Structure formats: structure tokens, C-alpha cells
Amino acid sequence: MNNFLFTSESVSEGHPDKVADQISDAILDAYLELDPNSKVACECLITTGQLVIAGEISSTAHVDVVAVARDVIRHIGYDDPAVGFDYATAAYINLLHEQSPEINNSVSDGGAGDQGLMFGYACKETTWHMPLPIELSHDLMIRLAAMRRSGKHNWLRPDAKCQVTVEYKRDVPVGIETVVLSTQHIEEISQEDIKDILQTELILPLAHEYFYNSQPKILVNPSGSFTIGGPHGDTGLTGRKIIVDSYGGSCPHGGGAFSGKDPSKVDRSAAYAARYVANHIVSAGLAERCTVQISYAIGLAVPTSIYVNTHGTGSLSDEIIANHISGIFDLRPEGIIKALDLKRPIYKETATYGHFGRTQFPWEKIDQTKVENLKNIS
């Protein structure tokens with residue numbers, strides 16, 4: 001049992017890397033809408049006045065990917081060079097081409113499209129079995145976006161990021177130690193006003209919902225003025241926020257990004273499956289915390305390994321639980337896709353505020369039959 005501080009971060013929908021993620025997943029959704037069997041690996045680079053779309057696609061569908069990208073950027077709020085990007089006047093470079101036949105052949109009979117290792121995690125720190133630091137970080141960014149879109153605070157601009165440090169005693173979260181929040185803004189507002197508004201209307205109300213007497217240290221725009229943001233301030237790339245996308249560093253990460261990849265890519269679908277398994281283990285009462293790793297070899301359907309770590313909180317040994325996983329969950333790529341119904345245009349929504357702990361996604365649903373099967377392990 002440990003006493004420690006732990007920090008996780010989140011970023012806004014206007015953060016350049018997240019802009020790239022949203023475009024990649026919006027393009028994926030557009031293809032899946034027309035052809036559920038589309039094979040898509042789409043990545044974006046966005047910088048001052050330019051967007052590059054690259055990758056490999058095999059599909060019967062025909063999608064105007066530039067129109068899709070423009071719509072995403074407009075919706076985020078980048079409609080003026082002064083804000084950081086103008087969707088209407090930017091240059092768009094489309095470098096998409098057909099998927100390699102060798103990769104296509106490797107998944108044609110249900111095999112994994114690549115080798116790789118994927119991690120899933122669940123814990124009882126929050127209602128939705130997510131670590132508290134990442135849940136708080138995402139919640140801050142969601143509420144900040146709502147403030148900006150409400151029209152009440154027209155000094156806010158789309159680019160923002162935050163960090164939340166949580167204090168743990170005996171492995172249990174007991175308070176919020178520090179909140180760091182940086183947000184893009186217009187020049188006409190002072191740093192003092194920004195800090196006062198965000199502290200009073202955003203940070204402290206949220207902190208008090210989780211810990212009623214919380215008085216965290218608050219750092220707002222600690223580097224000072226933040227008027228130059230978005231893709232003009234920092235180049236964005238698809239897949240560069242993998243820790244924000246997952247568990248905020250509370251468990252290992254296999255290294256594979258999610259956005260822009262269709263579910264035949266185990267980087268994405270098996271990461272969802274690993275979360276699904278870990279969440280069921282915790283929901284079944286077999287552990288307070290659980291990390292699951294699944295690994296694959298290219299062209300082969302059956303995982304090369306399944307690893308379970310309950311971090312000393314398990315009611316059974318990790319080995320016993322791991323030995324029963326493949327009998328309860330079908331972790332072949334096609335099995336995952338079928339069980340979670342992944343050939344649908346559901347991915348753009350995952351590209352902001354995390355892929356896990358949000359009940360609208362199928363990998364977050366709890367199957368009571370699987371829970372009972374796990375409870376019956378002996």
C-alpha cells in the first residue's frame with residue numbers, strides 16, 4: 001500500500017494533435033458509412049495554413065476526404081488565421097493511396113494486420129472504472145469546451161491542455177493536489193481575469209464535486225500569454241496523444257495509436273478488447289485493479305499471449321484468471337470486431353477526451369453473462 005502523487009493530462013479538441021486525430025477518424029467514419037469492410041490507415045499532419053492527409057485505403061467507397069477535413073476543422077472553430085487556422089483558405093494535400101496487397105492478404109482470412117502488444121486497464125477509483133487523474137483531466141477539458149461554445153466567454157479559443165495531480169494514500173485517491181490549465185485566448189483579456197474566471201467557474205466547482213473541501217494548487221497559463229495557438233502555434237500529428245487517449249499513464253502502453261485505423265488493425269480493436277476484458281474482471285469482483293495485455297503476430301488470428309495483472313488485489317491468482325480469458329472472450333480480430341460491432345462509423349467521437357470510460361462506446365458495455373462466467377472461475 002503506497003502514498004503518492006500521480007498526474008495525468010488531457011487536451012482540448014482544438015489541440016493540433018487532436019485536430020489531426022479527429023480528421024483521421026472522421027475520414028475513417030466516412031468510408032465505413034459507405035463500405036463497412038473498408039480498410040483504412042489514415043494519418044494527418046496539420047501546420048500553419050496546410051493540412052497533409054496520407055495513408056492507405058482499400059474500399060469500394062469514394063469519399064471527398066478534403067471536404068470531410070474542412071468540416072471537422074470548421075466545427076472545432078478554426079475559421080480565421082488569427083485563431084490559428086482557417087479551414088476555408090488552407091491548402092489541402094491528399095496523399096492517400098491503396099493499401100498494400102500483402103497487408104490486405106494478411107487480414108483477409110481473419111489474421112492480425114500486424115504484430116503488436118496492446119494493454120487494457122480498469123480500476124474501482126471511479127464509477128466507470130477509470131483512474132481518477134485522467135477522468136478529472138478529461139472532465140476539465142470537456143467543461144472548458146462547453147464554456148467556449150456557450151458564447152458567454154468569447155475570449156476563449158480552441159487550443160487548450162490541462163494536468164491534474166491526485167494525492168493517494170494507501171493506493172486510494174484522497175484529494176486533488178495540483179491543477180495546471182493552459183488555454184488559448186484573445187489578446188484583450190488579462191492573465192489575472194483568465195485565472196479568476198477559470199478558477200471560480202471551472203476548476204474549483206469540478207474539484208468540489210469530487211472532494212467537497214478540496215483546495216488544490218492552481219496554475220493557469222503558467223507560461224503567460226497564450227494567444228498564438230492551434231496548428232499555427234504547434235504542428236499536429238495523428239496518433240501523438242496516445243496516453244491522453246488511454247489511461248493517462250496509469251498502466252503500460254503498447255505504443256500503437258488508435259485514430260485513423262479501421263478495426264482490422266489490432267492496434268485499435270485489441271486495445272478496446274483489452275479494456276473490455278479488464279473492465280469485466282473488475283466488474284466481476286475478481287480485482288480492485290486490473291491490467292490486461294494481449295499480443296499478436298501478423299497474419300495469425302489467435303493471440304500469441306494473454307497477460308493479467310491484478311496488482312495484488314485479485315481474489316484469484318493472476319495465472320488462473322489469465323488461463324480462463326480465451327474461453328470467455330473471443331480475442332481473435334474477427335471475434336473482437338463481431339462482439340463489439342466495430343464496423344460502424346463510431347470513431348470520430350473517440351478522437352477527443354479519451355477512448356475509455358465513456359459509456360456510449362461498445363467496449364465499455366458490461367455483458368452480465370461474461371461477468372457470471374468470470375465469477376464461476378475456480
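Let's start with glutamine 184, which sits in strand S9, residues 172–185. Keep in mind that this is a predicted model.

Is glutamine 184 buried or exposed? It is buried, because its relative accessible area is 0%, and buried means under 20%. So what does its side chain meet in there? A polar atom of that side chain lies 2.7 Å from the backbone oxygen of valine 83. The side chain of glutamine 184 also reaches the backbone oxygen of threonine 227, at 3.5 Å. Now look at its wider surroundings. Leave out neighbours within four places in sequence, and glutamine 184 is in contact with residues including Tyr78, Trp155, Arg157, Phe226 and Gly230.

Next, a pair of helices. Find H8, residues 266–283, and H10, residues 333–340. Their axes come within 10 Å and cross at roughly 65 degrees. The crossing of H8 and H10 is left-handed. Which residues make the contact? From H8, they are Val266, Ser269, Ala270, Tyr272, Ala273 and Tyr276. From H10, they are Pro333, Ile336 and Leu340. Sort this contact by class, and you get eight nonpolar residues, one polar and no charged ones.

Now for charge. Side chains of opposite charge can pair when their charged atoms come close. How many salt bridges does the model have? The count comes to 19. Here are three of them.

Take arginine 240 and aspartate 17, whose side chains meet at 3.0 Å, N to O. Arginine 240 is in the loop between strand S11 and helix H7, and aspartate 17 is in helix H1, so the pair ties together parts 223 residues apart in sequence. Arginine 240 counts as partly exposed, at 39% relative accessibility. Aspartate 17 is buried, at 1%.

Second, lysine 124 and glutamate 288 form a salt bridge at 3.9 Å, N to O. Lysine 124 lies in the loop between strand S7 and helix H4, and glutamate 288 in the loop between H8 and strand S12, so this bridge ties together parts 164 residues apart in sequence. Lysine 124 is partly exposed, at 42% relative accessibility. Glutamate 288 is also partly exposed, at 42%.

Third, aspartate 267 and lysine 261 meet in a salt bridge at 2.7 Å, N to O.

One last item: salt bridges that share partners join Glu13, Arg148 and Arg149 into one network.

Methods:
Residues are numbered from 1 along each chain as its sequence is written. This is a predicted model: local features need pLDDT of at least 70, side-chain atom pairs count only at pLDDT 80 or more; totals for chains, interfaces and linings use all residues. Side-chain values use heavy atoms; hydrogens and water are left out. Helices (H or I, at least four residues) and strands (E, at least two) are DSSP runs, numbered from the N terminus. Buried means under 20% relative accessible area, exposed over 50%, partly exposed in between (1.4 Å probe, protein chains only). A polar contact is a pair of N or O atoms within 3.5 Å; within protein, one must be able to donate a hydrogen and the other to accept it, and residues adjacent in sequence count only if both atoms are side-chain atoms. Contact means heavy atoms within 4.5 Å. Axes are lines fitted to C-alpha atoms, for helices over the stretch in contact, and angles run from 0 to 180 degrees between N-to-C directions. A crossing is left-handed if the near helix is turned anticlockwise from the far one by less than a right angle, and right-handed if clockwise. Ala, Val, Leu, Ile, Met, Phe, Trp, Tyr, Cys and Pro count as nonpolar, Asp, Glu, Lys and Arg as charged, and the others, Gly among them, as polar. A salt bridge is a side-chain nitrogen of Lys or Arg within 4 Å of a carboxyl oxygen of Asp or Glu.
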